[in-house]
Amino acid sequence: MSDLRDRIAALSPEQRAQLLTQLQGKKAPSDSLPGTYDVAILGGGIAGLTLALQLKLQRPSIRVALIEKQRHPVPEAAHKVGESTVEIAAHYLRDILGFDEHLQSQQLRKFGLRMFFSAEDNRDIARRVELGSTVFPPLHTYQVDRGRLENALGERIAAEQGIDFLHGFKVKQIALRPESETHLLKIADEAEQEQEIEARWVVDSTGRSSLLKRQLGLGKKVRHHANSAWFRIAHPLDIKQWTDDPAWQARVSMGDRSLSTNHLMGNGYWVWIIRLASGSTSIGIVADAEMHPFEGFNRFDRALEWLREREPQLAAILDQQREQLQDFRVMKDYSYSCEQAYSADRWCLTGEAGVALDPLYSPGSDLIAISNGLVCDLVTRALRGEDVQARAMVHDKLFLNLANLWLGIYEQQYTLMDNPQIMITKIIWDTAFYWGVFGLLYFHDAFRSIADNPGVATSLARISTLSNRVQAFFREWHAIDQPEITDAFVDLYGPLEFMAKLHTGMAAGLAPAQLDAQFAENVRFFERLAGQIISMVIEETADHPEQAGAMAQIQRWQTDPYVAELIARYRRESRAHPINSSWIALKYQLRERQEVLQ
């Protein structure tokens, strides 16, 4: 004790005043009055349900009100989209929230990502270039019946002491009072009986309704414009039955293609096919707004006609199963962002209440996992008495920068979708980038502590510049090279050693110093990989300059200082760090193989 007194006495008057202020801020809050909560979560979809549970797990004494207008339990074939999870969301649900048993027994393990690119009239899937895995990657992902998952989360929430799950209620008014200890909410039940509740923190997870974002005028438009329609049929559609070609069937011997998130890729569009544990199949059309008018598929009969023209094999099955239609929903111009997501004035946005990107690669649940973690960090620190003013600003800038980086993967890229050569390169790049950047950082809880880790922050800024340049390169490549390729298969995982390494590296369990070093190494690897891609495209294009403007584009690449440095880095380090290149120049390898056979 005397040592503590001596240390306090040694402080300057300014330091003692600062210490007193901090100690006063750390006073335990008074006991809550009835109708008063630590956190009010507006919206009980997947974002709100998981946030409520995560807050309770991190701070058992917390009092949470979760307000959801839909009654629980919800229909198992919920009228929602978002059935496919990838590694971040799977880790969040399974390992952080403890839903391993549910995912294993009540959902389907996913057999990875699988793409089929257009060939001729798309009447024979065996002719289409296929990209996908031949083995289950070690880190599990899942195809999720959203209604089934939300019901399981709702049951868990309802059983938790300190969480009031107010389903069947809607939010009528949000009165933010940052100068007061609590904000004020007015809610109403299904009979329109109103009541007021107070909460220290308010988190908007109302999805696309975006109640708080609209109230505060924080909406932000983006440059990505696409539309979607999706529906479910009560039939377990099996893509393996589309052909009896023995060579095609033999490509995948250790897994089941029907358990992949299957994508049918075309000119400015893609169609998903996802089998679900309930026996239903989810099917969605996603298309560039300028290339495919929304009115062409915004009703089921129109969507079916649209598919007959572009994806006749799928349309023929749907014609046979149309009586099994369970629902149909559309979403126009679905992508958007926000000006601010977190505030030290004790409010936050999470899930689609803040940002919505694109369903390709299934990032929605990943963003929920990242955002909910940042929200929990702010709330729990504030409830302990910490001043979160600076941390809220850092978290807000980080999350919106991440969302913007992710959005760059989609902006102006739908025009590439009928080019299997470029799309295979892009998908492998995008998947590797996801595992080696977003996945590595999330699995190691680095986003929450990035304010305390300047090394990770510096590497993240560096990799962001690289990602944006590579995405632009794919468009430039497409402008001079649009090949016709059929009858090819590319293994997304097995033969590519760097893919396997990046995948398992997400769950390596690194100490903070090790994580800094590994992330820095990953950044250097992606710079080498970008240099390799650009070098090979330049070499192959120079040898086959059939497209107009090819040589001029090569010259622009070679005189771009940033691109030139990527190429130089690759050439300097390629002997010490060789990288498999079979997936980059696929069309030329196929041409050479055909010439040998002739």
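This is a walk through the structure, from its overall build to single residues.

The model is a predicted one. It has 19 helices and 20 strands. The radius of gyration is 26 Å, close to the 25 Å that the globule rule gives for 598 residues, so the protein is as compact as a globular protein of that length. Along the principal axes, the C-alpha trace spans about 90 × 65 × 40 Å. Of the 598 residues, 56% count as buried.

Start with strand β2, residues 64-68. This strand is mostly covered, with 5 of its 5 residues buried. In a regular strand the side chains alternate between the two faces of the sheet. In β2, V64, L66 and E68 sit on one side, while A65 and I67 sit on the other. Both faces are covered, and each of these five residues is buried.

Which strands pair with β2? One partner is β1, residues 36-42, which pairs with β2 in the parallel sense over 4 bridges. Here L42 stands opposite I67. Between these two strands the chain passes through helix α3, residues 46-58, and this β-α-β crossover is right-handed. Another partner is β7, residues 163-167, which runs parallel to β2 and is joined to it by 5 bridges. In that pairing, L66 has F165 as its bridge partner.

Strand β7 also holds H167. Leaving out residues up to four places away in sequence, H167 touches E68, Q70, R71 and H72. E68 belongs to the buried set of β2. With H72 there is a polar contact: a polar atom of the H167 side chain lies 3.2 Å from the backbone nitrogen of H72. For a sense of scale, take H167 and F525. They are 358 residues apart in sequence and 48 Å apart in space, C-alpha to C-alpha.

Now turn to helix α4, residues 87-96. Is this helix mostly covered or mostly open? It is mostly covered, with 8 of its 10 residues buried. The buried residues are E87, I88, A89, A90, H91, Y92, L93 and R94. An α-helix has 3.6 residues a turn, so residues three or four places apart point the same way. The buried residues of α4 run from E87 to R94. After the helix comes G98, whose phi is positive, near 80 degrees.

Further along is Q107, in the loop between α5 (100-106) and β3 (108-109). Is Q107 buried or exposed? Q107 counts as buried because its relative accessibility is 4%, and the cut-off for buried is under 20%. Its side chain reaches the backbone nitrogen of D145 at 2.8 Å. D145 is one of several contacts. Setting aside neighbours within four places in sequence, Q107 is in contact with H102, Q143, V144, D145, R148, L149 and A277.

Next comes strand β12, residues 226-233. Here 8 of the 8 residues are buried, so the strand is largely enclosed by the rest of the structure. One side carries A226, S228, W230 and R232, and the other carries N227, A229, F231 and I233. Both faces are covered. The strand pairs with β15, residues 281-288, in the antiparallel sense over 8 bridges. In that pairing W230 stands opposite G284. β12 is also joined to β16, residues 325-331, by 6 bridges, again antiparallel. There A229 stands opposite V330.

Finally, the cysteines. How many disulfides does the structure hold? The count is 0. Consider C348. Its sulfur is 9.5 Å from the closest cysteine sulfur, in C376, which is too far for a bond, because a disulfide needs the two sulfur atoms within 2.5 Å.

Methods:
Residues are numbered from 1 along each chain as its sequence is written. This is a predicted model: local features need pLDDT of at least 70, side-chain atom pairs count only at pLDDT 80 or more; totals for chains, interfaces and linings use all residues. Side-chain values use heavy atoms; hydrogens and water are left out. Buried means under 20% relative accessible area, exposed over 50%, partly exposed in between (1.4 Å probe, protein chains only). Two strands pair if DSSP finds at least two bridges between them. A crossover is right-handed if, with the strands pointing away from the viewer, the path from the first strand over the helix to the second runs clockwise. A polar contact is a pair of N or O atoms within 3.5 Å; within protein, one must be able to donate a hydrogen and the other to accept it, and residues adjacent in sequence count only if both atoms are side-chain atoms. Contact means heavy atoms within 4.5 Å. The radius of gyration is taken over C-alpha atoms; the globule rule is 2.2 Å times the number of residues to the power 0.38.
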